[in-house]
Amino acid sequence: TAAKPNKGGLEGIVAATTAISLVDGTAGRLIYRGYNIHDLARTCTYEEVVHLLWFGHLPTQTELSALHEKFVAERTLPDFVVQTIRELPTTTEPMDVLRTAVSAWGAVSVSGKPTIEQAIAATARFPLILAAFNRFRQGKEMLESRPELGHAANYLYLLTGELPKEEHVRGLNTYLVLLADHGMNASTFTARIVASTESDIVSSLVAALGALKGPLHGGAPSKVQDMLHEIGSVDKAEAWIREAITHGGRLMGFGHRVYKTTDPRAEELREMARVADPEDFKLSGYVEQKALALLDEMKPGRKLYTNVEYYSAALMKAVGLSGDLFTPTFAVSRCAGWTAHILEQVNNNRLIRPEAEYTGPQSATFVPLTERK
Ligand code: CMC
């Protein structure tokens, strides 16, 4: 068969070897260290999955308790980081707050070769940063973490000051499990590139946060909500979608570089979104079906399916998160994957340094500044 034309974007290029997760885009399979995502999503806590990603095996009860204790011990922010968060304008995007506060934390005593202790500290602190900012912007004080609560429950508690409902904890926990790692996605690749230069773990994470923020990656879910809001009702869906595709628009929450079939994470989230808010689901479920049919009709052969972001929005809304917390909450989850990849990179490192195909001129004649016209 003829070689496919190179469309750029490193499509199909193997950039690293990894034993952390497999994204099988043809079969629609996602595997974390051997385990199918469907099994993990339905039965595991986020902490169990983090243990799996970092240490390579699902924890025993003793190992899980030990990891919980370590997380609890790291649920604290240095004063100067709290001060940094407090000083930011209340209109700052939470994703920018997270990137800034993580960077501030890295300014002091987070150096050297990345360690598992640093990975634990970072993963413990992402929710604290977001919750602190969310409280400050509401004119409230930040709260102390509750040691008896797991990662998902503690995050919801810190945001609201109320013990979260069981179904909200379960919903957020499943979301965190589903998003924890995903092969060589743009932000993970970014984190690995920075780690490969022997930089520090926080620099890798700050770079990864920057990559995640864009709407083609983790910035999509709030835009899914905007799209559903604009569509407004089922009778307007078809015309709206047709118009958007005709004018070259991207339907947020559809399409994926690797999945050429349904994203297995979207299947899990669709079911949860349907149960969590049946009223909202009437529109989102209908728009999904219409969008799939119209993408097939108007973009034939592109194999565009629902991706993880489409129902992430509905799920996060159902557990009480505001739209601007969707992408940073993705980061709360993905911190585990990023740090697992950073550790994998530094434990068998070679500088990541690809080449570019130069397309500019090669023999321009130099003219000194004073003689240039
Ligand atoms: N809506 C309409 N058309 C689309 C879409 C979409 N969502 N996605 C791809 N296409 C079309 C695209 O216009 C192109 O058509 P043509 O051949 O006529 O030029 C064709 O499909 C191939 O697109 P591409 O840009 O080469 O695909 P890609 O692999 O570079 O892009 C993507 C992948 C995720 C950036 C893209 O599908 C997209 O922009 N989706 C919308 C944003 C989104 O939902 N992002 C979340 C991604 S999943 C989670 C994550 O990675 O964080």
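**Close-up views of helix packing and domain contact**

**View 1. Helix α5 (residues 94-106) packs against helix α16 (residues 326-346) at an angle of about 40 degrees, with 7 Å between their axes.** The two are therefore oblique, the term for angles that are not under 35 degrees (roughly parallel), over 145 (roughly antiparallel) or 65 to 115 (roughly perpendicular). Pro 94, Met 95 and Leu 98 of α5 meet Thr 327, Pro 328 and Ala 331 of α16, contact being C-beta atoms, placed from the backbone, within 7 Å. By class, five of these residues are nonpolar, one is polar and none is charged. The model is predicted, with local features requiring pLDDT of at least 70 and side-chain atom pairs pLDDT 80 or more, whereas totals for chains, interfaces and linings use all residues. Numbering starts from 1 along each chain as its sequence is written.

**View 2. Domain 1 (21-213 + 324-346) and domain 2 (220-317) divide the protein chain.** Their C-alpha centres are 26 Å apart, and the contact draws 18 residues from domain 1 and 19 residues from domain 2. On the domain 1 side, β2, α1, α8 and α16 each supply at least two residues, with α8 giving the most, five residues. That side comprises eight nonpolar, eight polar and two charged residues.

**View 3. Helix α13 (residues 264-276) spans 19 Å from its first C-alpha to its last, close to the 18 Å expected at 1.5 Å a residue.** Its buried residues (20 or more other C-beta atoms within 10 Å of their own) include Leu 269, Arg 270 and Met 272. Among the elements covering the buried residues of α13 are β2 (29-32), α8 (166-179) and α14 (278-298).

Key:
Helix = DSSP H or I, 4+ residues; strand = E, 2+ residues; numbered from the N terminus. Expected span 1.5 Å × (residues − 1). Buried ≥ 20, exposed ≤ 12 C-beta atoms within 10 Å, placed from the backbone. Contact = placed C-beta atoms within 7 Å. Axes fitted to C-alpha atoms, helices over the stretch in contact; angles between N-to-C directions. Nonpolar A, V, L, I, M, F, W, Y, C, P; charged D, E, K, R; others polar. Domains from an automatic or database assignment.
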